[in-house]
Amino acid sequence: TYVVTDNCIACKYTDCVSVCPVDCFYEGENMLVIHPDECIDCGVCEPECPADAIRADTEAGMGKWVAFNRKYSELWPVILEAKEPLATADALDGTEGKLETHFS
Ligand code: SF4
Ligand code: F3S
């Protein structure tokens with residue numbers, strides 16, 4: 001599976017939503033997540049994210065992000081169409097500590 005990681009937080013560009021063939025992105029207030037059981041591993045969303053927030057779960061250290069994506073994809077509504085990024089997107093793209101300070 002692919003997963004969304006912390007640099008999506010406070011950006012939420014949503015380019016990923018436009019390309020996913022199985023509509024497996026779910027939307028929280030400040031970020032999106034992927035449902036790990038619905039993702040078909042096609043990989044097309046990964047290069048589309050301007051924040052480089054999407055990763056394959058085969059990369060080192062992704063276990064916690066798979067659990068995070070699973071948890072929130074079961075709580076949040078599906079998102080089917082791209083929308084405007086958050087107002088903070090360009091200013092906060094690439095900043096550290098987003099999970100602690102900007103996730104809610
Ligand atoms: Fe959707 Fe493919 Fe990205 Fe999985 S890898 S979330 S199926 S676009
Ligand atoms: Fe987030 Fe990147 Fe999608 S910032 S909303 S994972 S395009």
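I started on the outward side of α2: the face turned away from its buried side carries the exposed residues Gly63, Lys64, Ala67 and Lys71. This is a predicted model, so I keep that in mind throughout.

Next I looked up the other side. Helix α2 spans residues 63–73, and its buried residues are Trp65, Phe68, Asn69 and Ser73. Viewed down the axis of α2, these buried residues fall within an arc of 115°, so they line one face of the helix.

What do the buried residues of α2 pack against? I found four strands there: β1 (2–4), β2 (25–27), β3 (32–34) and β4 (54–56).

Then the ligand. I counted 13 residues around ligand 2, and Cys8, Tyr13, Cys16, Cys49 and Ala51 come nearest. The shell around ligand 2 is made up of 10 nonpolar residues, 1 polar and 2 charged.

Last, the backbone. Most residues other than glycine have a negative phi, so I checked for exceptions.

Alanine 10 is one of them, with a positive phi of about 70°. I located alanine 10 in the loop between β1 and α1 (15–19). Is alanine 10 buried or exposed? It is buried, because 23 other C-beta atoms lie within 10 Å and the cut-off is 20 or more.

Aspartate 23 also has a positive phi, of about 50°, although it is not a glycine. Aspartate 23 sits in the loop between α1 and β2. With 13 C-beta neighbours inside 10 Å, I put aspartate 23 down as partly exposed.

Note on methods. Residues are numbered from 1 along each chain as its sequence is written. Chains are lettered from A and ligands numbered from 1 in the order in which they are written. This is a predicted model: local features need pLDDT of at least 70, side-chain atom pairs count only at pLDDT 80 or more; totals for chains, interfaces and linings use all residues. A residue is near a molecule or strand if its C-beta atom, placed from the backbone, lies within 6 Å of it. Ala, Val, Leu, Ile, Met, Phe, Trp, Tyr, Cys and Pro count as nonpolar, Asp, Glu, Lys and Arg as charged, and the others, Gly among them, as polar. A residue is buried if 20 or more other C-beta atoms lie within 10 Å of its own, exposed if 12 or fewer, and partly exposed in between; C-beta atoms are placed from the backbone. Helices (H or I, at least four residues) and strands (E, at least two) are DSSP runs, numbered from the N terminus. The arc is that of the directions from the helix axis to the C-beta atoms. Two residues are in contact if their C-beta atoms, placed from the backbone, lie within 7 Å.
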